[in-house]
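Student: I have a model open and want to go through the contacts in it. Can we start with the charged pairs and then move on?

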Amino acid sequence: MEMKKRISLELRNKTPAEVAELVVDNCRSSDGEIEGLTDEFKELEFLSMVNVGLTSLAMLPSLPKLRKLELSDNNISGSLEILAEKCPNLTYLNLSGNKIKELSTMEALQNLKNLKSLDLFNCEITTLEEYRESIFDLLPQVTYLDGFDAEDNEAPDSEDDDGDDEDGEEGAGPVGDYDDDEEEEEEEEESESGEVGLSYLMKDDIQDEEDDDDYVEEEQEEEEGQEEEAGVQGEKRKRDAEDEGEDDEDDD
């Protein structure tokens, strides 16, 4: 799909001025140039154009609020000065997998005063001797190169979002706290449901035992009643027999 058409689809009935994030990865640019992106995207803060066949950034419009730019897996080899001119507030730039070979190419990024994170992974420039030291010297504003700082400490996850989550200004709060609370609530609910279930089962068992006891008592009462009735009948038959005996004697 062509980049211009892809951008039109990504708008989803919004105007360019209403869009803060735009992802057009894996579409195709015409002649290696950016197309369909205009100055109207003045509120754009995140732009991703991964693997779109770019060879030049000459057609990049003015994006004053852009802070994060993904350009990995293209064919860009130079002319990076356009970035400082059109996107002066960039804090994150990913150029990994491009055709950047010379250290001098990076000099164009010196005017990106807010640039904190730069990715050049899989670019030929990374094979240069003392590559990392040279980049940090050339671009002192950069804190993280290829995901690590000058002391080889890995960039925190929040760096991917320009560090907004560190101050808690733009994010949903500390990662993990909500999950822990949620897990605790689930465990409590499971525990409570387990206790209720156990109580219910125990109640059923108690009720069954009471029913059994009642049944046994009823049987015992029934048997006793039968025995009493049998006894009465026996006594009656005995008296009847005695009476008959007396009558026979009188006859004699």
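**Contacts and fold**

Tutor: The structure holds 5 salt bridges, a salt bridge being a side-chain nitrogen of Lys or Arg within 4 Å of a carboxyl oxygen of Asp or Glu. This is a predicted model, in which local features need pLDDT of at least 70 and side-chain atom pairs count only at pLDDT 80 or more, while totals for chains, interfaces and linings use all residues. Residues are numbered from 1 along each chain as its sequence is written, and side-chain values use heavy atoms, with hydrogens and water left out.

Student: Which residue meets Arg-6 in a salt bridge?

Tutor: Glu-10 does, with 3.1 Å from N to O. Both residues lie in helix α1 (residues 3–11), 4 residues apart, which is about one turn of the helix. Helices here are DSSP runs of H or I with at least four residues, strands are runs of E with at least two, and both are numbered from the N terminus.

Student: Is Arg-6 buried or exposed?

Tutor: Arg-6 counts as buried, because its relative accessibility is 19%. The cut-offs are under 20% relative accessible area for buried and over 50% for exposed, with partly exposed in between (1.4 Å probe, protein chains only).

Student: What about Glu-43, what does its side chain meet?

Tutor: Glu-43 forms a salt bridge with Lys-65, at 2.8 Å from N to O. That pair links distant parts of the chain, with Glu-43 in the loop between β1 and β2 and Lys-65 in the loop between β2 and β3 (68–70), 22 residues apart. Glu-43 is partly exposed at 28% relative accessible area, and Lys-65 is partly exposed at 40%.

Student: And which residue does Arg-132 pair with?

Tutor: Asp-152, where the closest N and O atoms are 4.0 Å apart. Arg-132 is partly exposed at 21% relative accessible area, whereas Asp-152 counts as exposed at 53%.

Student: Which residues are joined into one network by shared partners?

Tutor: Arg-6, Glu-10 and Arg-12, through salt bridges that share partners. Arg-12 lies in the loop between α1 and β1 and counts as exposed, at 59% relative accessibility.

Student: What is the phi of Arg-12 near?

Tutor: Near 50°, a positive value in a residue other than glycine. Asp-152 also has a positive phi, of about 65°, although it is not a glycine.

Student: Switching to the fold. How many helices and strands are there?

Tutor: There are 5 helices and 6 strands. From the N terminus on, the elements run α-β-β-β-α-β-β-α-β-α-α. The 6 strands form an open sheet in the order β1-β2-β3-β4-β5-β6, with parallel pairing. β1 (21–23) and β6 (144–145) are the edge strands, each pairing on one side only. Two strands pair if DSSP finds at least two bridges between them.

Student: How many bridges are there between β1 and β2?

Tutor: β1 and β2 (residues 46–48) pair over 3 bridges, in the parallel sense. Leu-47 in β2 is the bridge partner of Leu-22.

Student: What does the side chain of Asn-74 reach?

Tutor: A polar atom of the Asn-74 side chain lies 2.9 Å from the backbone oxygen of Met-49. Asn-74 is found in the loop between β3 and α2 (81–86) and counts as buried, at 2% relative accessibility.

Student: Where is Asn-94?

Tutor: Asn-94 is in strand β4 (residues 92–94), and it is buried at 7% relative accessible area. Asn-94 and Ser-72 are 22 residues apart in sequence and 5.8 Å apart in space, C-alpha to C-alpha.

Student: Cysteines next. How many disulfides?

Tutor: The count is 0 disulfides, taking a disulfide as a pair of cysteine sulfur atoms within 2.5 Å. Cys-27 counts as buried at 1% relative accessibility, and Cys-87 counts as buried at 0%.

Student: Last one. Which residue lies over the face of Tyr-92?

Tutor: Lys-68, at 4.9 Å from the ring centre. A charge sits over a ring if NZ of Lys or CZ of Arg is within 6 Å of the ring centre and within 35 degrees of the ring normal.

Notes:
Polar contact = N/O pair within 3.5 Å; in protein donor to acceptor, adjacent residues only side chain to side chain.
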